[in-house]
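Subject: Structure handover

Hello,

Here is the structure for you to look over. My notes on it come after.

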Amino acid sequence: MSAAQQLPARARVVIIGGGVIGTSIAYHLAHEGVTDVVLVERDRLTSGTTWHAAGLMTCLGTTSETLTNVRLYSRDLFARLEAETGLSTGFRPVGLVEAVGDTDRLEEYRRVAAFQRRLGLEVDEIGTREMADLFPHADMDGLLAGFHVPGDGRVNPVDLTMSLARGARNLGVRIVEGVTVGDVVTRTDGALPRVTGVRTSVGDIECETVVNCAGMWARQLGERHGVVIPNQAAEHYYLITDTIPGLDPDGPVFEDPARYGYYREEGGGMMVGLFEPEAAAWSLDGIPEDFSFGTLPPDWERMAPALETAMSRVPVTLDAGVRTFFCGPESFTPDRLPAVGEAPGLQGYFVAAGLNSVGILSSGGLGRLVAQWISSGRPDVDVTGIDVARFMPHQLHRDYRRDRVTEVLGKTYAAHTPGIELLTGRGTFVSPVHDEMVAAGARLKDVSGWESADWYAGDGRTPSVTPSWGRRPWFERWGAEHRAVRESVGLIDMSFMATFRVTGADAGAVLERVSAGHVDGDVDRITYTQWLGPDGGIEADLTVTKRGEGDFLVVASDTAHGHTLAWLNRQIGEADVAVEDVTEATGQLNVQGPRSREVLAALTDADLSNEAFPFRSARTITLAGVELLCVRITYVGELGYELYLPREDAATVWRALREEGTAYGLVPVGLRALGSLRLEKAYRDYGHDIDNTDTVQMAGLGFAVDLDTEFVGREAVLAEREMPRHDKLVQVLLTDPEPLMFGAEVVWRNGVAVGDVRSASYGWTLGGAVGLAAVTGEGPVTKAWLDDGEWEVDVAGTRVPATVSIRPMYDPTSARVKA
């Protein structure tokens, strides 16, 4: 039967791409009961990058709950799939030994191991003698310790893909090879277009949902419809030696990231895989459509130093001949996290791509996730870190992709010591007060493409940072900024915040229906609110300011920019609403602290008294000769104001605030202090502390809900009030002032692990490391349950006493905010 004869005229779902992730989604859709599925592959299954994958099935190495569970599920699936399909996956749980040769990496892996251990991963820290027993071929010189994961191992990528494909076919999925998708067909549907089909080399298929699983071709396919998938192919290398006598085929996978290598037996020889520190992009102008089962010419000169370093860890490889020296393409995203989910600007268009050389070990779990999302309409795990909506158009630019893929691939095996950051692709967006921040000694960091101040060295000074898990000299600058906001006043640039103007005759009605709080009330009023899914899961955490009838300002965090815009557009339908993204045209300056009112009053004739300008007020005022929107709101837990003004006027206002504010103790304040201030006050941050699986009740945000309004998710909120969940977001403070938390630390109650810290900082006012943690009880989490427990937090393997609280530990009544 020809490909054209195999192709149906219609299907509910069309999957584009027959690699391991495409077949996994097909398999899992079928198990979800969605069998009206067609998978189309331009050549043969596995012909892109799946066929040459190294086949590692290793779970260790992430502090993401979602990605840990994705890996654990994959490992379990690979072990049981043959019994269902009759085709082996080649999975062999030979174990993993992860070598550690420096103290920073040891600190990192102790934290990672504690986190993943709570989620069910069996992992133990072992000494060099035990490592040598498990993998006797390695030279242990210079190694401090290792981590052993006995359940990890290896899998055959081609066998796995074929087993998944058979499992999908057995349940009714149609898989057609030799068919190229030329385009996705769409139609206009309200504020957003919608998928209606695909156009292939042998005919059209009408469908409701398309899944782009095109691997390194995903970006090119997505760009045809404005879908941003900035994955970029790069060279990836491994070699296989000739036969080495005595090599155990059931020996463990061995990794030494400091030597850039991973090692395992292959056909009687040793595979030596590389993640070299100086990587190279491939085919920046697009992947050839006819590139199948292809290899790339190796760059011996560039690779020789890394290869020598890797092979020196396992000296037996130096004396063995080389059977295969392989170079092939793998694709990577700008943050080395997968691109998953429904495209923000096109309904019914899903993406599962950019798997960053961990596609095999992620394929089972990500396939389950995407299938469940498609079949139910909602993901059942936290997807805020991997949602394709996080990407921005500038990340598609050729130079950006070239520079960033070289850096992220080169840092695949680098330590993740706090203070290390990516340096390529910087400065896409420049704050309107960039020059003023630099003059004040700003230590700049990348914030969703914006250059923003992390902390300030002081006027005319040059900041410097040495990455470390401990305290560094610049901590004193951070502490001083924190105290300035608590005691006097700070000036914070937040022009990177996602800012949208929402207008039209139906704007108020749409925002009222989307928002869990009452937002279409009095003019000149700001409302902190959440947008919920039908199941009550939080989709956005933001503010809505009513400027006039049919005129609103919506402000969300930078990381939620794309998702927030897409969520709103999906709710508009045929309503008379226009959404304008004014982020780049708007400056946002925050003046925060107990003396903030005095500073502003010195520069304006507007009445800022508590009676005339109470908390949550919004007014157009003239400040330092500039007309701007002044909103009395805070994200630090003090009296404070947000100033929204035209970009071109921001520097004028900044300079005036600094000059006038000197008498009141005003100092520029960076995002490091913003983080410590907001965590002391237990203010939430979407995508960090709260996500799409959380509800307002669980997150402690019930106060922001107005049940007198009709909004999406209202029934779910009411149901949870009747039957509360057994988990809760709480504030955690270490009672010992010395240890530091960075997030993902495990929280213990009475000797039992009950949760983990989602985000953390040092609390300069509270006098210890502070964070927000999700904890789970046998019943609803109450104040009494918290008070009855003896609490500890695991910090790199050491349990530190802690206190926990549902209410904010700093100013729990918000008296300072409303002063």
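The model is predicted, so local features need pLDDT of at least 70 and side-chain atom pairs count only at pLDDT 80 or more, while totals for chains, interfaces and linings use all residues. Residues are numbered from 1 along each chain as its sequence is written, and side-chain values use heavy atoms, with hydrogens and water left out.

Strands here are DSSP runs of E, at least two residues long, and helices are runs of H or I, at least four long; both are numbered from the N terminus. Two strands pair if DSSP finds at least two bridges between them.

S12 (residues 209–212) and S19 (residues 349–353) run parallel, joined by three bridges. Asn212 is opposite Val351 in S19. Axes are lines fitted to C-alpha atoms, for helices over the stretch in contact; angles run from 0 to 180 degrees between N-to-C directions.

**Eight-stranded sheet**

A further open sheet has eight strands: S5-S6-S4-S14-S15-S16-S13-S17, again with mixed pairing. S5 (124–126) and S17 stand at its edges. Each of these has a single partner strand, so one side of each lacks a neighbour in the sheet. The twist here averages 25° from one strand to the next.

S4 (residues 96–100) and S14 (residues 253–256) are parallel, with three bridges between them. Val97 has Phe254 in S14 as its bridge partner. Helix H4 (residues 103–118) packs on this sheet and touches S4, S5 and S6 (145–149). The direction of H4 makes about 20° with that of S6. H11 lies across S13 and S17, at about 35° to S13.

**Cores**

In soluble globular proteins, nonpolar side chains tend to be buried together. A nonpolar core here is a set of buried Ala, Val, Leu, Ile, Met, Phe, Trp, Tyr and Cys residues joined through side-chain atoms within 4.5 Å. Buried means under 20% relative accessible area, exposed over 50%, and partly exposed in between (1.4 Å probe, protein chains only).

The largest core has 75 residues. Ile15, Ile25, Leu29, Leu60 and Val211 have the most contacts inside it. Helix H10 (residues 359–376) gives the largest share of this core, eight residues. Contact means heavy atoms within 4.5 Å. Beyond its neighbours within four places in sequence, Leu29 contacts Val13, Ile15, Val34, Val37, Ala371 and Ile374. A second, separate core has 62 residues, including Ala11, Cys207, Ala218 and Ala320.

**Two residues to look at**

Val20 is in helix H2. Val20 counts as buried, at 5% relative accessibility. Not counting residues up to four places away, Val20 touches Thr50, Leu160, Thr161, Leu164, Gly359, Ile360 and Ser363.

His394 sits in the loop between H10 and helix H11 (398–410). His394 is buried at 10% relative accessibility. Residues up to four places away aside, His394 touches Tyr400, Thr428, Phe429 and Gly449.

**Aromatic rings**

The whole structure has 24 aromatic pairs. Rings of Phe, Tyr and Trp (its six-membered ring) pair if their centres lie within 6.5 Å; planes under 30 degrees apart are stacked, over 60 edge-to-face, and the rest tilted. Tyr238 and Phe326 are stacked, at 4.9 Å centre to centre and 20° between planes. Tyr238 is in S13 (residues 232–241) and Phe326 in S17 (residues 322–332), so the pair ties together parts 88 residues apart in sequence. Tyr238 is buried at 10%, and Phe326 at 8%.

Tyr762 and Trp764 are edge-to-face, because their centres lie 5.0 Å apart and their planes are at 65°. Both are buried. Trp455, Trp474, Phe475, Trp478, Tyr762 and Trp764 form one aromatic cluster.

Best wishes
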